[in-house]
Amino acid sequence: MASATATLLTSFFALTLLMQISFEAEAATSLYHSQSTKTWCVANPSAGEDALRANLEFACSESDCAAIQGTGGCSFPDDDDSLPPRASVAMNAYYQARGRNSWNCFFNGTGLITITDPSSGSCKYA
C-alpha cells in the first residue's frame with residue numbers, strides 16, 4: 001500500500017512539474033510575440049493644442065526630430081492644422097528611442113500606442 005501511494009505521489013508531482021514547464025514555455029513564447037509586435041506612439045486626437053506643443057518640445061529635446069525639421073520626410077507647415085501630425089512624429093521618435101515602453105508614450109495622457117503604422121506618403125514613422 002505504501003509503495004502504491006509513493007508511486008501515485010511521484011507521478012502526481014512529475015505531472016505537475018511537466019505542466020508547469022509547459023505553461024512557462026507558452027508564457028515565454030507569448031511574451032516574445034507581444035514584444036516583437038511593432039507599435040507606434042501617436043497623439044491622442046482629443047489632446048489640446050497646449051499639450052501637443054509641450055509634447056513636441058519635450059520629445060524633440062530628448063530625441064531625434066530630423067523627420068519633421070527641414071527636408072525630413074515628415075516636414076509639415078508650421079501651423080495649427082499640422083500640430084497633431086508633427087507632435088505624433090516627435091512623440092513616436094521619443095517612444096522608439098526609449099525602448100517602446102508604454103510609459104514612454106504616456107505624455108500626461110495625451111499619447112496613444114497603436115499597432116497600425118501611421119506612416120503616410122513620404123512620412124515614414126520609425
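In H2, the buried residues are Leu52, Asn55, Leu56 and Ala59; buried means under 20% relative accessible area, exposed over 50%, and partly exposed in between, with a 1.4 Å probe and protein chains only. They sit on the same side of H2, because the arc they cover around the axis is only 100 degrees, taken from the directions from the helix axis to the C-beta atoms. The general point is that an α-helix has 3.6 residues a turn, so residues three or four places apart point the same way. On the other side of H2, the exposed residues are Asp50, Glu57 and Ser61.

Before I go on, this is a predicted model: local features need pLDDT of at least 70, side-chain atom pairs count only at pLDDT 80 or more, and totals for chains, interfaces and linings use all residues. Residues are numbered from 1 along each chain as its sequence is written, and side-chain values use heavy atoms, with hydrogens and water left out.

What covers the buried residues of H2? The cover includes strand E1 (40-43) and H3. Helices here are DSSP runs of H or I with at least four residues, strands are runs of E with at least two, and both are numbered from the N terminus.

The axes of H2 and H3 come within 8 Å and cross at roughly 35 degrees. Those axes are lines fitted to C-alpha atoms, for helices over the stretch in contact, and angles run from 0 to 180 degrees between N-to-C directions. Residues making the contact include Leu52, Leu56 and Ala59 of H2, and Ala87, Ala90 and Met91 of H3, where contact means heavy atoms within 4.5 Å.

As for length, H2 covers residues 49-62, and its 14 residues at 1.5 Å each should span 20 Å; the end C-alpha atoms are 20 Å apart, which agrees. The expected span is 1.5 Å times one less than the number of residues.

Now to H3, residues 83-97, which contains Asn92. Is Asn92 buried or exposed? Asn92 has a relative accessible area of 2%, so this residue counts as buried. Leaving aside neighbours within four places in sequence, its contacts are Trp40, Cys41, Tyr125 and Ala126.

Last, the chain as a whole. There are 3 helices and 2 strands, in the order α-β-α-α-β along the sequence. Of its 126 residues, 29% count as buried.
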